[in-house]
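Student: I have not seen this structure before. Please take me through its spaces, its surface patch and its salt bridges.

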Amino acid sequence: MESELNATYITLDRYIEVSKYRYFYFCSIFTVYILIVCSNSTIVYLIVIHKNLHEPMYIFIAALLINSVLFSTAIYPKLFIDFLSEKQIISYSACLFQWFIYYSLGASEFLLLSAMAYDRYVSICKPLQYPTIMRKTTVCMFLILAWILPAGQFSVTQILSAKKKLCNFILKGIICNSTVQKLHCVRSRVLNIYGLIVLVDLLLLSVLFILFTYTRILIITYRSNREVRRKAAQTCLPHLLVLINFSCLSAFDVLLLRMETDFPKTVRLIMTLQIILYHPLFNPIIYGLKMKEIHKHIRRLFCQGKLN
């Protein structure tokens, strides 16, 4: 019984059980992981080496892309092992750790998007005060809080969950997420209440703050000339697209635990794959194509590569 309490079985059903497709799935997921690391790292590299990109907006973009690489690196190694194994097994402690990384970095993304929204608000609505407000110390404080605050709050959840007794050892899904709580013999009211507090604190308030800042930007730019509106749209649209995309995916993940009815297996798999495959690639594509300065440096980088 002691060994059972330390093992949670993750099943992928027919998606990787068929041995003749196993290596195909492994190669596909490995290729996606390499694309995620390379695409995000390329933009971070460009932001680091080019001094004209050493501005708060681009620093926050770099932090967001680093967050995507960390998120993928925490999830993918276990997936590689699962695709090559007959049985998909993970210890309960490792499952909790993956759950912790999954949600703390996910919440960090919302806080980073909030910092980016505030940066755009100050830049467009208070341009004369921008240099004094968005100083290096302010940017560093935002970055530290974006990573430390979620980690601290979700660590409490992990401590509480680690002490819970397990009665179910089969986890529906390909990664350890909020549905881990369904493995517990008794659903904890304390965990549910604390989870709702964290949900409101880190996610809901962040989204409301972002919507408030962009509403203010919209009002200010509507009263301004065409050049101001063009600049605002050019810098704010990518952030909004990333926010909408990630909010929709996060909403589904929250519903997995809060709704008692089971989602169809195919829907569950597709939405999970979107979080771990599609979204980490979505960020560099959006910022690489929509941010004019970044796009310009990417074109130069590839043109130099062709010339060499």
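This is a predicted model: local features need pLDDT of at least 70, side-chain atom pairs count only at pLDDT 80 or more; totals for chains, interfaces and linings use all residues.

Student: What is the volume of the largest cavity?

Tutor: A cavity is a set of points, on a 1 Å grid over the protein atoms alone, where a 1.4 Å probe fits but cannot get out. Points are joined across faces, edges and corners, and a volume is the space filled by probe spheres set on them. Two cavities reach 30 Å³ or more. The largest cavity has about 430 Å³.

Student: Which element gives the most to the lining of the largest cavity?

Tutor: Lining residues have an atom within 4 Å of a point. There are 24 of them here, and Y103, F154, L203, D253 and V254 are the closest to the centre. Two or more residues come from each of α5, α7 (136–162), α8 (189–222) and α9; helices are DSSP runs (H or I, at least four residues), numbered from the N terminus. With seven residues, the top contributor is α9.

Student: How many residues of the lining of the largest cavity are nonpolar?

Tutor: Ala, Val, Leu, Ile, Met, Phe, Trp, Tyr, Cys and Pro count as nonpolar, Asp, Glu, Lys and Arg as charged, and the others, Gly among them, as polar. Six lining residues are polar and two are charged. The nonpolar count is 16.

Student: How much space lies in the second largest cavity?

Tutor: Its lining includes N67, F71, E109 and H279. That lining divides into five nonpolar, four polar and one charged residue. The space in the second largest cavity is about 70 Å³.

Student: Which element gives the most to the lining of the largest pocket?

Tutor: A pocket is an open set of points with protein on both sides within 12 Å along at least five of seven lines. The largest pocket holds about 260 Å³. Among its 13 lining residues, E55, M57, Y58, K231 and T235 are the closest to its centre. The most, three residues, come from α9.

Student: Which element gives the largest share of the nonpolar patch?

Tutor: Patch residues have over 30% relative accessible area and no salt bridge, and nonpolar side chains are joined within 5 Å. Y45, V48, I49, L301 and F302 together have about 490 Å² of accessible area, by the Shrake-Rupley method with a 1.4 Å probe. Three of the patch residues come from α3.

Student: Are R120 and D119 buried or exposed?

Tutor: A salt bridge puts a side-chain nitrogen of Lys or Arg within 4 Å of a carboxyl oxygen of Asp or Glu. R120 and D119 form one, with their closest N and O atoms 2.9 Å apart. Buried means under 20% relative accessible area, exposed over 50%, and partly exposed in between. R120 and D119 are both buried.

Student: Why are E293 and K296 separated by about one helical turn?

Tutor: Their side chains meet in a salt bridge, 3.2 Å from N to O. E293 counts as partly exposed because its relative accessibility is 22%, and K296 does so at 34%. The separation is about one turn because they are three residues apart in helix α11.

Note on methods
Residues are numbered from 1 along each chain as its sequence is written. Side-chain values use heavy atoms; hydrogens and water are left out. Patches are made of residues with over 30% relative accessible area and no salt bridge: like charges are joined within 9 Å, nonpolar side chains (Val, Leu, Ile, Met, Phe, Trp, Tyr) within 5 Å. Buried means under 20% relative accessible area, exposed over 50%, partly exposed in between (1.4 Å probe, protein chains only).
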